[in-house]
Amino acid sequence: MSADKSTSWSYAEDLPAEDDVLLRARERSFELGVTPVSPGVGAVLTVLAAASKAQTVVEVGSGAGVSGVCLLRGLSPQAVLTTIDVDVEHLKAAREAFLESGSPANRTRTISGRAADVLPRLTDSAYDLVFIDADKPNFPGYVQQAIRLLKSGGTLVINDALDKDKVSNPAARESTTVVLRQIGKAIRDDERLSSAMLPTGDGLLVAVKK
């Protein structure tokens, strides 16, 4: 990356202005040892949620609620966010962030459990947007479940899709890097999807189900 490109990336990441609700959620993330989405990624999530006019959203990996708050801020007052996490402390922190953001309790559904167990229980073709930001070794299964869950025209968003810039380096062979590289190619070649890789944050892979 050239110096100018690096500077532009940093500028884009720092441009979104975050309020106290998101800053407190970030503080709780660090206290829990969770890496929250970057401000740039958060802003894209809000825009995608708004542009898609999503009414039903699934989030795989709640963290401490930073991404959930960003999604909620792009959704209509009638929309519902379902967020899944195996760690009850993460869900508690996420609920606190949702409450502080002013989101009514009936707009969010928090589910404790392994996403690999929870996702198969959700209804086919019932969701407008699925955001995946969880344990990378299980991403292939999550992606297949997400495609099943999405309506036609629904949006799939995968965070950390560039794996700290290692995905683009063929010599990088760490297991998570290989998984993410394979996912990127599989989604690109999937005739059910139209996709794009955004360099925002640590990479956002965005796809729309045809």
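In this predicted model, helix H4 is mostly covered, with eight of its nine residues buried. The buried positions of H4 are Val-66, Ser-67, Gly-68, Val-69, Cys-70, Leu-71, Leu-72 and Gly-74. Helix H4, which comprises residues 66–74, is among the elements that cover the buried residues of H2, and H4 also packs against the buried residues of H3. One of the buried residues of H4, Leu-72, is in contact with Thr-108.

Helix H2 runs over residues 20–32 and has 13 residues. The distance from its first C-alpha to its last is 18 Å, close to the 18 Å expected at 1.5 Å a residue. Buried residues of H2 are Val-21, Leu-22, Ala-25, Arg-26, Arg-28 and Ser-29. These residues lie on the same side of H2, because they cover an arc of only 165° around the axis. Exposed residues are found on the other side of H2, namely Asp-20, Phe-30 and Glu-31. The cover over the buried residues of H2 includes, besides H4, helix H3 (39–51) and helix H5 (88–100). Just after H2, Gly-33 adopts a positive phi of about 75°.

Helix H3 also has 13 residues, and its end C-alpha atoms are 18 Å apart, in agreement with the 18 Å that H3 should span at 1.5 Å a residue. In H3 the buried residues are Gly-40, Val-41, Gly-42, Val-44, Leu-45 and Ala-49. Their packing partners include two helices, H1 (3–14) and H4. The buried residues of H3 pack as well against strands E4 (127–132), E5 (150–159), E6 (193–198) and E7 (204–209). H3 is followed by Lys-53, for which phi is positive and near 55°.

The largest pocket has a volume of about 730 Å³ and a lining of 36 residues. Of these, Val-34, Thr-35, Asp-133, Ala-134 and Asp-160 lie nearest the centre of the pocket. Two or more lining residues are contributed by each of H2, H4, strand E2 (80–85) and helix H6 (115–118). By class, the lining of the largest pocket comprises 14 nonpolar, 13 polar and nine charged residues.

Asp-160, one of the lining residues nearest the pocket centre, is situated in the loop between E5 and helix H8 (175–189). Asp-160 counts as buried because its relative accessibility, 19%, falls under the 20% cut-off. Its phi is near 60°, a positive value in a residue other than glycine. The loop between E5 and H8 also holds Asp-163. For Asp-163, phi is near 45°, again positive in a residue other than glycine. At 5% relative accessibility, Asp-163 is likewise buried.

Thr-108 belongs to strand E3, which spans residues 108–112. With a relative accessible area of 19%, Thr-108 is buried, since the value is under 20%. Beyond its neighbours within four places in sequence, Thr-108 is in contact with Leu-72, Leu-81, Phe-98 and Ser-103.

Val-86 occupies the loop between E2 and H5. Its relative accessibility is 56%, so Val-86 counts as exposed, the cut-off being over 50%. The C-alpha atoms of Val-86 and Gly-113 are separated by 4.3 Å, although the two residues are 27 residues apart along the chain. Gly-113 is among the contacts of Val-86, together with Ser-112 and Arg-114, when neighbours within four places in sequence are left aside.

Arg-148 is located in helix H7, residues 139–149. Its relative accessible area of 23% makes Arg-148 partly exposed, because the value lies between the 20% and 50% cut-offs. Not counting residues up to four places away in sequence, Arg-148 touches Leu-119, Pro-120, Leu-122, Thr-123, Asp-124, Ser-125 and Lys-209. From Val-66, Arg-148 is 82 residues away in sequence and 26 Å away in space, C-alpha to C-alpha.

Key: Residues numbered from 1 in each chain as written. Predicted model: local features only at pLDDT ≥ 70, side-chain atom pairs only at ≥ 80, totals over all residues. Heavy atoms only, no water. Helix = DSSP H or I, 4+ residues; strand = E, 2+ residues; numbered from the N terminus. Buried < 20%, exposed > 50% of the residue type's maximum accessible area, 1.4 Å probe, protein only. Contact = heavy atoms within 4.5 Å. Expected span 1.5 Å × (residues − 1). Arc of directions from axis to C-beta. 1 Å grid on protein atoms, 1.4 Å probe; cavity = no way out; pocket = protein on both sides within 12 Å on 5 of 7 lines; lining within 4 Å. Points joined across faces, edges and corners; volume = space filled by probe spheres on them. Nonpolar A, V, L, I, M, F, W, Y, C, P; charged D, E, K, R; others polar.
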